[in-house]
Amino acid sequence: MTISQNIQYIGVHDQNIDLFEGQYSVPEGITYNSYVILDEKIAVMDTADKHFTDQWLDQLSQVLGDRTPDYLVIQHMEPDHSCGITALLEKYPETIIVSSQFAFNIMKNTLGTDFAQRRLVVGENSTLELGKHTLTFVTAPMVHWPEVIMTYDSLEKTLFSADAFGTFGMPDTLEDWTPEARRYYIGIVGKYGAQVQALLKKAAALDIQRICALHGPILTGDPTPYIHLYDTWSSYGTESEGILIAYTSIYGSTKAAVELLAEQLRSAGCNVEVRDLARCDMTEAVAQAFRFGKVVLATTTYNADIFPFMKEFIHHLTERNFSNRTVALIENGTWAPAAARVMTKMLADCKNLTYTTASVKLPGALNDTAKAQIAALAQELCAAGASAE
């Protein structure tokens with residue numbers, strides 16, 4: 001695929017994978033993106049997953065013709081982007097690897113060598129001249145590994161952004177970019193908001209008209225919408241006004257309470273998403289919690305604790321620095337109810353959480369008292385500004 005006269009795409013689309021990184025469902029697959037910059041000197045940008053090394057090398061050969069690559073730029077040492085290093089160097093023994101010092105340390109550990117005789121170490125604001133193209137390197141530690149660098153091509157105003165701005169699926173379309181980009185970001189990068197904020201400050205100084213990430217589609221034109229979303233996500237702000245109700249239910253009473261609350265919220269004009277944590281894609285539910293400004297957690301007391309799927313969900317939230325949200329609690333317990341106390345304790349280290357005054361306590365079944373509590377909770381959540389967009 002031709003990106004521009006001098007930038008060619010040689011990535012691959014893995015449609016056979018079921019779980020990315022062993023946990024993220026990818027029904028549309030995942031791309032392992034790689035690029036070639038053609039100039040007086042040639043730079044290959046990253047490689048591909050080990051299952052596609054031969055296909056990737058064949059595509060590279062087709063682009064190169066009778067030329068050889070001068071540089072292989074490794075921005076990120078995660079295996080899905082670095083497994084082709086050895087194969088490329090065997091085929092093109094004069095190629096120089098360009099990467100960060102930290103990346104070469106990882107190469108030593110994973111490949112058995114740091115290519116001491118065939119490497120060029122780059123850091124913040126290092127440059128590489130290809131001819132008309134000048135590449136400037138931007139360090140991006142913990143976005144989302146410590147060795148990450150990004151590469152800015154000033155001639156074509158293109159940012160090769162490593163894993164940032166990536167998505168699951170969608171190798172060649174921008175249709176519905178945001179949902180999968182959100183799920184990808186929150187799941188994989190979400191813990192590192194401070195580091196992403198630091199990166200965005202660097203990006204603000206660049207004239208970017210194209211973003212070439214290591215996963216998903218190439219983003220062209222004004223990058224402001226994508227950067228705005230990254231700014232919102234990495235500052236743990238509210239992307240959309242609305243309410244997520246995440247719940248678990250054993251015999252249906254908690255589900256009935258949730259359905260009643262959702263009905264009342266929607267009748268009042270609120271934007272509501274409901275997720276049954278035992279049955280939904282957990283990573284998508286987590287992404288929705290970071291999308292909205294308000295979250296209702298509804299679960300049962302279980303073994304003097306909470307139901308396992310809710311515990312897992314809250315763990316995902318706290319692991320990713322869940323903060324700046326309004327939280328409401330619904331607990332169910334026929335005897336010795338403990339769910340609200342356990343959930344509050346699990347969220348204790350989260351910053352800037354505001355708990356609703358109203359809460360709901362189910363004594364095993366949905367009764368008149370609980371219905372009145374649900375009405376009060378719905379009124380408080382809507383009054384707090386959770387209107388539909």
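I began with helices α9 and α10, and their crossing is right-handed (the near helix is turned clockwise from the far one by less than a right angle). The model is predicted, so I noted its limits: local features need pLDDT of at least 70, side-chain atom pairs count only at pLDDT 80 or more, and totals for chains, interfaces and linings use all residues. Residues are numbered from 1 along each chain as its sequence is written, and side-chain values use heavy atoms, without hydrogens and water.

I looked up the packing next. α9 and α10 (residues 308–319) pack at about 55°, with axes 10 Å apart (lines fitted to C-alpha atoms over the stretch in contact, angles from 0 to 180 degrees between N-to-C directions).

I listed the contact (heavy atoms within 4.5 Å). M282, A285, V286, A289 and F290 of α9 meet F309, E312, F313, H316 and L317 of α10. These residues divide into eight nonpolar, one polar and one charged.

I checked how covered α9 is. Nine of the ten residues in α9 (282–291) are buried (under 20% relative accessible area, 1.4 Å probe, protein chains only). Among them are T283, Q288 and R291.

I turned to the strands (DSSP runs of E, at least two residues; helices are H or I, at least four). Strands pair if DSSP finds at least two bridges between them. β11 (127–129) and β12 (134–139) run antiparallel, joined by three bridges. E129 has T134 of β12 as its bridge partner. Four residues lie between these strands, and G131 takes a positive phi near 140° in this hairpin.

I followed β12 onward. β12 pairs with β13 (149–153) in the antiparallel sense over five bridges. F137 stands opposite T151 of β13.

Definitions and conventions: Buried means under 20% relative accessible area, exposed over 50%, partly exposed in between (1.4 Å probe, protein chains only). Ala, Val, Leu, Ile, Met, Phe, Trp, Tyr, Cys and Pro count as nonpolar, Asp, Glu, Lys and Arg as charged, and the others, Gly among them, as polar.
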